[in-house]
Amino acid sequence: TAQLHDLAKQAGLRYFGAATDTPGQRERAPYPESYEQYDAILNDASEFGQTTPTNGQKWLFAEPQPRLFNFTEGDYVADLAERGGKLLRCHALVWHSQLAPWVEETEWTPEELRGVIVRHIHGVAGYYKGRCHAWDVVNEALEEDGTYRKSVFYNVLGEEYIKLAFQTAAEVDPDAKLYYNDYGIERPDSVKTAGAVRLVQMLKDAGVRIDGVGMQAHLHADNHPTAEDLIATSEGYAALVDEVAFTELDVRIKMPANDTKLEWQKECYQKVVTACVKVKACVGITLWDFYDPFSWVPDVFPGNGASLVWFEDFTKHPAYDGMVETFKQL
Ligand code: G3I
């Protein structure tokens, strides 16, 4: 039977994928034999045609000390993608979180911090040059109210750091699609979505290349956007950039899960599939991992969980068949 990536391709998308972490996360596997079952699903090319490292390419891992680059973590997933013939979305060059402490703890002059950003992007995007289908160049630069987030980058350089990051990435890896990536920018009427549109417009006005907007889509089963909302938002970005993608999809449930909540969750996953298929610029959908025990959600939002598509015992959520059905109908 055809699986998610195959069906996504048949419906006109470039890929359906799942992010994954380095082996470290596997300490969280409920039983040792889960590794094998997990890998069998992850490596099944008809299920997932794309992957993203959930952690390994972030600044904290890639340049933990000034000029000391380390690609062990990132390579684990990049190599897995290459072996499995999967597209690799690379994540993330400039982000305020999981940043190496030395970047935050230094009092930079603007000139120094410019140098640090340029050197980091040369080091990391240069190392992965030619292997990344896309780069999340700047991640989560906005506050919930749509204004710029007061990160070390913004505090020292203002919005200039965003231009600098995209310009540098374009020079270093001209073939990668360059994305702005954020959460909470999936609804057409939100102030944060308006902020994302302004950010993209700012780059375009400055003549800086940006190819895509990534809607992370960390959604809630009990209060999720409609397909029409997702389509309207995506079309709004697509008026400015060549592509959009759902880059970190998961749909959290207030635990305990039950049939009703799993049904809401299924509908949410189906709406994302519908939106991506209906929007010409939408290239693909990435789950933020696919196996519930490896989800970030319960750590950060205690009492929430079951947000992915495979339960702990490797049976599938109703959302799986829901997405299959939707791909086949469209
Ligand atoms: O590396 C340490 C390890 O040494 C230690 O043993 C272990 C103990 O818990 O922690 C490890 O660090 C964890 C790290 O992931 C790497 O596994 C952190 O505690 C944990 O907080 C961190 O969480 C990641 C989170 O980003 C941090 O913000 C999640 O795995 C990752 O899925 C999540 O991904 C983000 C995207 O990058 C951006 N969008 C939101 C999304 C969800 O937060």
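This is a predicted model: local features need pLDDT of at least 70, side-chain atom pairs count only at pLDDT 80 or more; totals for chains, interfaces and linings use all residues.
**Backbone geometry in loops and strands**

- Asp289 has a phi near 70°, which is a positive value in a residue other than glycine.
- Gln98 is likewise not a glycine and has a positive phi, of about 45°; its place is the loop between strand E3 and helix H5 (101–105).
- Gln98 is exposed, because 12 other C-beta atoms lie within 10 Å of its own, and a count of 12 or fewer is what the term exposed requires.
- The peptide bond that leads from His91 to Ala92 is cis, with omega near 0°, and Ala92 is located in strand E3.
- Met255 and Pro256 are also joined by a cis peptide bond, with omega about 0°; here Pro256 lies in the loop between E8 and H11.

**Strands and their pairing**

- Strand E4 (residues 134–139) is largely enclosed by the rest of the structure, because six of its six residues are buried.
- Strand E3 (residues 87–95) runs parallel to E4 and is joined to it by five bridges, with Cys90 standing opposite Trp135 in E4.
- E4 also pairs with strand E5 (residues 177–182), again in the parallel sense and over five bridges, and in this pairing Val138 stands opposite Tyr180 in E5.
- In strand E1 (residues 15–18), Tyr15 and Gly17 point one way while Phe16 and Ala18 point the other way, and all of them are buried.
- E1 is joined by four bridges to strand E9 (residues 282–287), and the two run parallel; Gly17 stands opposite Thr286 in E9.

**Helix H13**

- Helix H13 (residues 318–329) has 12 residues, which at 1.5 Å a residue should span 16 Å, and this agrees with the 17 Å that separates its end C-alpha atoms.
- The buried residues of H13 are Ala319, Gly322, Met323, Thr326 and Phe327. They are on the same side of H13, because they cover an arc of only 130° around the axis.
- An α-helix has 3.6 residues a turn, so residues three or four places apart point the same way.
- On the other side of H13, the residues Asp321, Lys328 and Gln329 are exposed.
- Helix H1 (4–10) and helix H11 (259–278) are among the elements that cover the buried residues of H13.

**Helix H10**

- Ala227, Leu230, Ile231, Thr233, Ser234 and Tyr237 are buried in H10. Seen down the axis, the buried residues of H10 fall within an arc of 165°, so they line one face of the helix.
- The cover over the buried residues of H10 includes H9, E6, strand E8 (243–254), H11 and E9.

**A loop residue, Ala206**

- Ala206 is found in the loop between helix H9 (191–205) and strand E6 (212–215).
- Ala206 is partly exposed, because 13 other C-beta atoms lie within 10 Å of its own, a count that falls between the limits of 12 or fewer for exposed and 20 or more for buried.
- Ala206 and Tyr31 are 175 residues apart along the chain, and their C-alpha atoms are separated by 52 Å.

**Shell around the ligand**

- The residues around the ligand are Asp21, Gly24, Gln25, Thr54, Asn55, Ser97, Gln98, Asn139, Tyr183, Gln216, Glu248 and Trp296.
- Sorted by class, this shell consists of two nonpolar, eight polar and two charged residues.

How values were computed:
Residues are numbered from 1 along each chain as its sequence is written. A residue is near a molecule or strand if its C-beta atom, placed from the backbone, lies within 6 Å of it. Ala, Val, Leu, Ile, Met, Phe, Trp, Tyr, Cys and Pro count as nonpolar, Asp, Glu, Lys and Arg as charged, and the others, Gly among them, as polar. The expected span of a helix is 1.5 Å times one less than its number of residues. The arc is that of the directions from the helix axis to the C-beta atoms. Two residues are in contact if their C-beta atoms, placed from the backbone, lie within 7 Å. Two strands pair if DSSP finds at least two bridges between them.
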